[in-house]
Amino acid sequence: MGDSKEAGAECPPAGAAARGGLSLLSQGESEEPSAQGSALFLGGNEVKSRAVVKYSSAPPRTAFARLEEKTDLKLPPANWLRESAKLGPAGTTILGNSKKSKPFSSFGMAYDFIDSVGNDVDVVSDSENIKKLLKIPYSKSHVSMAVHRIGRTLLLDELDIQELFMRSSQTGDWTWLKEFYQRLIDQKWQRKKKSKEHWYQKAILSKFLYYSINGDGAAQPVPSTAEQPESSSSDQTNDSDGASWPAPFEMPSSVSEDPSASSQGSEPLEPSYIVGHVASAPKEQNLTTLFNDGENSQGLKNDFVRNILWTFEDIHMLVGSNMPIFGGGRYPAVSLRLRDNNKPINVLTGIDYWLDNLICNVPELVMCFHVNGIVQKYEMIKTEEIPNLENSNFSTKVIKDIAQNILSFLKSNCTKEGHTYWLFKASGSDIVKLYDLTTLCEETEDKYQNPFTMPVAILLYKVACNMMMKKNQNKKHYGTIRTLLLNCVKLLDKSRHPQIIASANYMLSELFQLDEPKKEESSESPLNENSDESYSEEEEEMPDSDENGSYSTSSDPSDDNKAVAIIKSVGELSVPEKYKSIHQIRPSCTFPVCHDTEERCRLVLSYVLEGLKSVDSSIKKESDLPAADPNTPIPLKYEDESTRGGPEGLEKQMALFLDKMGSLQKGNYSSQSGMIPGSWQHKMKLQLILKSSKAYYVLSDAAMSLQKYGRALRYIKLALQSHDTYCCLCTNMLSEVLLFLSQYLTLCGDIQLMLAQNANNRAAHLEEFNYQTKEDQEILHSLHRESSCQGFAWATDLSTDLESQLSVSCKCYEAANEILQFSDLKSQNPEHYVQVLKRMGNIRNEMGVFYMNQAAALQSERVVSKSVSTAEQQLWKKSFSCFEKGIHNFESIDDATNAALLLCNTGRLMRICAQAHCGAGDEFKREFSPEEGLYYNKAVDYYLKALRSLGTRDIHPAVWDSVNWELSTTYFTMATLQQDYAPLSRKAQEQIEKEVSEAMMKSLKYCDVDSVSARQPLCQYRAATIHHRLASMYHSCLRNQVGDEHLRKQHRVLADLHYSKAVKLFQLLKDAPCELLRVQLERVAFAEFQMSSQNSNVGKLKTLSGALDIMVRTKHAFQLIRKELVEEFDQPKSDESPPAADSSPSLNREEVIKLLSIFESRLSFLLLQSIKLLSSTKKKTSSNTDEDGVLKTNKQIYSQLLRATANKNATLLERIDVLLHLLDQLARGGGGVQ
């Protein structure tokens, strides 16, 4: 018959509402009832008790057979000790004939109900142990129990001293405890034999129970209204008995919430005999089994007929019970007891019966009285009446107080997980002592002599596993999990249990979140919000005492300095809250606070290393491997090869790498240590190696943000070496792992780029790169057992060559991109894909600029040679190729701004090409070449493409303005070169002038003079220069042109227009007085040229007057020059003052002197011409007062000017002052006839 579960019926509280249908609850979910348990009113005292049967292997209950009077129980019944269908798979256990409970019985239960351990349940134990503890104040018998703490749960097991010491004499296991016991407790210990009376009573009970299951025809059952056929109990649920038998995986929620409701009628359930041995069924459905049978079982089976979750007041207990339960009577469940009529029931027996019924939720007790084995009578007693029986009166509230005090005492003193505590009370003694056997055992220098070590370690491991497996596990429990695992590892022998140790260390490393390095700060807070202090695995236990100091040791001779704690008198246990602990439930351990990423990663790596050591130690083929000292760095033989080939060698290595990545998809496996694929070592090492690669990646990322690029490269090298080993061992590469590799290579590319950009600090970076911790060396040693770790050597070399670093960085990004192409990673991780392409575009821009600058440097060195060198051309090609690929990268992710910048750089490259083609020979013979024109036009095309890429200025104003400026510059340079080095051998003058004019106007179009920005003065200067050059060109055309009067007039108008615009723009600038002066002088020359072609004096006078007016307007330029000269003069002269000719960076003194001389001569000439014309007109015409005044003024100014120019000793400042004075006079005097 199959195993099944049952939920005992509880006395329904008054007015309990009937529940409707039953819903199934899966084994994984909590089965703890949420409704408050029914209150049992016992003898005027009230205690709350509720029991939910979690598992039962008992058959459906049958009614007990009421034996006839005078039945002789000394005679065996026909069915005695025989198997029966009514007994179920539990065999004779159900009738109480089983062996004594095993010393590890609580562990068997804990393994089966791992969800409850460490969290929900306070105590796990055999019901006999619970009863023994609660009877301590009433009993003189000895108590000996082993206590273990797992989280907040205590496991209690009987520690049979006699049995242990018998074993120790045979095996030597417990000799240390035997010696301790004899020394401190009982010096004359000897084994006590059980009396004949004990065995006689046991035999009578056994025969009575066999008679009672109606196995013998001689016994007649008493008919009862409550009697029910077997069939109804097995597949009907309209009574409590039927509802007690759901399948082991499923528990009716109504039963778990309120067991009493099941007796109120509900829908039928399916027959429940469908699952085999429950002891193994619910154990590890979700958890990967990490133990072989020997290690897993440890002989710790759950041998109880039923496991019950018993809530007594506020104490939650998981209890194992073998008490036989029968049907019959007014209730569907009764317990059956045999009593000697000559011996009255005492308090101990009453408590025993009452607790058994409470634990199993049995509402009634049937007692059969006998005299010398002859049945006399039966008596039925309700459970709640037991405390009031004659001769066995006891207070249920006192029992409750005893339970709470004992639990508080144990919880306060059994503080160290993994330790075995011994609760001992000698026979006839009132003193209860608690010893820490683990500490005592350690004094014997062999911790493995404690037989509890392995069961405790495995239970710690399983509880931690179970907590880890819960998907909704809150991070606040991580501290508890960590402590469980650390204590587990501490208990185990590394050589005997490498698998558990490796797995525990891996789980410890998994507690630290490494997936999101950037969110380090926020991820830490929830881990530490519980408590500031709590015990850790190293913490010394601190005995908690109440205000009466009951736990403290005194000078009383009964005290024992080896005991952890002592209860001086069992009577204290009856005092309410006497031993109330300051913290009834020990707070879960805080997770270690990692103040920075490096500390967190180092913790992870320390656990990974321990795990790797455990795995490696379990692989037998070590003798086949070359011996390696983990303290000796492994020589890196690949460095010479990778540097020798340069970029070409890099290409080969990349090709090999991509081939390898392709083969990974097919799952090639190659391990040097001889690990078998699929073995636990293989699976565990894969996980540990992957964890180490993640930790090194996070370390590298953190070092990168601190600008420690040498350290960052060292860490990413270790991450990639770990990943390379993972690739060698992996038989089926997961896409998630490929994504990690892509991220590692992306970071490696970033680091190489930063190293290239920070070449000035190379020595410090190299020192950081070569440093290695012992931990890193040992991890690397473990990696080298499986692989050469050279798969990514090409990416992690610290080169001293800038080009090589840029190339490696580029190859890293390319490899990262290739990996994304292998599977569907590109579409699954669009953000990462975009980042990789951005970086590829960026590095190609960097490389393009690098090659472009090299080409420019070669060009500047080439002085005499007229032809462009092959080296230059090669550099242009490389640069262009990089820019082109970069533009493609940015365009593929719609990054218009960066694409525009690269197009702009390509335009700059074209301009460098154009400059390289300019004639370097005789300056006088030089002409603007077709190659120059071609490259400048290509530059213009790229700049226009950049503007089209941006679309509007709003997209990125700074980039837009920059491109416009570059485009304007290109047009301006092209026009200037064509103007200065006109290609007259190929084109007509008019054609050249037209092209220059068009180019200048286009340059003006892209030169923004109106927008206020840092570049505005440059734009104004550029525009002014363009107008000046155009005006000069039209002026020149006018001088050289003969014939077409319309064209001459057009040129005259254009020249005048551009001169006036140039003057206006130059006047806006404070730092271009020379340019302003030059433009004004050219305007004067233009006026003189016009005057030379005039015939009438009136016309000439008018032109002269205009020219003098221009001269007057130059006053602004002279004022600016004077201001700068004064500032320069006022500055204190230092010994290292520059020569006078170039004393100011903004004022060219030679230029000023030259322009001043021209100005003086032109002013002198204009004044002389004016005087001559005014004098001649005066002779011909009648006297004109205005003209007389002008003539007089001009003569005075002319006279002063001649005297001033004649004075060769005058300083520049004095000459300017004279001119400013003369210009003032000229302005007031009129200068000429208007």
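Histidine 723, at 0% relative accessibility, counts as buried in this predicted model, where buried denotes under 20% relative accessible area, exposed over 50% and partly exposed the range in between, computed with a 1.4 Å probe on protein chains only. The residue is found in helix H20, which spans residues 709-729; helices (H or I, at least four residues) and strands (E, at least two) are DSSP runs numbered from the N terminus. A polar atom of the histidine 723 side chain lies 3.1 Å from the backbone oxygen of valine 737. When neighbours within four places in sequence are left aside, histidine 723 is in contact (heavy atoms within 4.5 Å) with Ser693, Val737, Phe740, Leu741 and Tyr744.

Residues are numbered from 1 along each chain as its sequence is written, and side-chain values use heavy atoms, with hydrogens and water left out. Because the model is predicted, local features need pLDDT of at least 70 and side-chain atom pairs count only at pLDDT 80 or more, whereas totals for chains, interfaces and linings use all residues.

A pair of aromatic rings is described by the distance of the centres and the angle of the planes. Rings of Phe, Tyr and Trp (its six-membered ring) pair if their centres lie within 6.5 Å, and planes under 30 degrees apart count as stacked, over 60 as edge-to-face and the rest as tilted. A search of the whole structure finds 17 aromatic pairs. In one of them, the ring centres of phenylalanine 312 and tryptophan 354 are 6.4 Å apart and the planes stand at 75 degrees, so the pair is edge-to-face. This pair links distant parts of the chain, with phenylalanine 312 in strand E8 (residues 306-312) and tryptophan 354 in helix H10 (residues 347-359), 42 residues apart. Both phenylalanine 312 and tryptophan 354 are buried. A stacked pair is formed by tyrosine 971 and tyrosine 1006, at 6.2 Å centre to centre and with 5 degrees between the planes. Since tyrosine 971 lies in helix H30 (residues 957-980) and tyrosine 1006 in the loop between helix H31 (989-1005) and helix H32 (1016-1040), the pair ties together parts that are 35 residues apart in sequence. Tyrosine 971 counts as buried at 8% relative accessibility, as does tyrosine 1006 at 16%. Ring pairs also link Trp310, Phe312, Trp354 and Phe394 into a cluster.

Strand E8 also holds threonine 311, which is buried at 11% relative accessibility. The side chains of threonine 311 and histidine 316 are joined by a polar contact of 3.3 Å, a term for a pair of N or O atoms within 3.5 Å in which, within protein, one must be able to donate a hydrogen and the other to accept it, and for which residues adjacent in sequence count only if both atoms are side-chain atoms. Beyond neighbours within four places in sequence, threonine 311 is in contact with Lys48, Ser49, Arg50 and His316.

Leucine 1125 has its place in helix H36 (residues 1115-1130) and, at 6% relative accessibility, counts as buried. The C-alpha atoms of leucine 1125 and arginine 1149 are separated by 9.2 Å, although the two residues are 24 residues apart along the chain.
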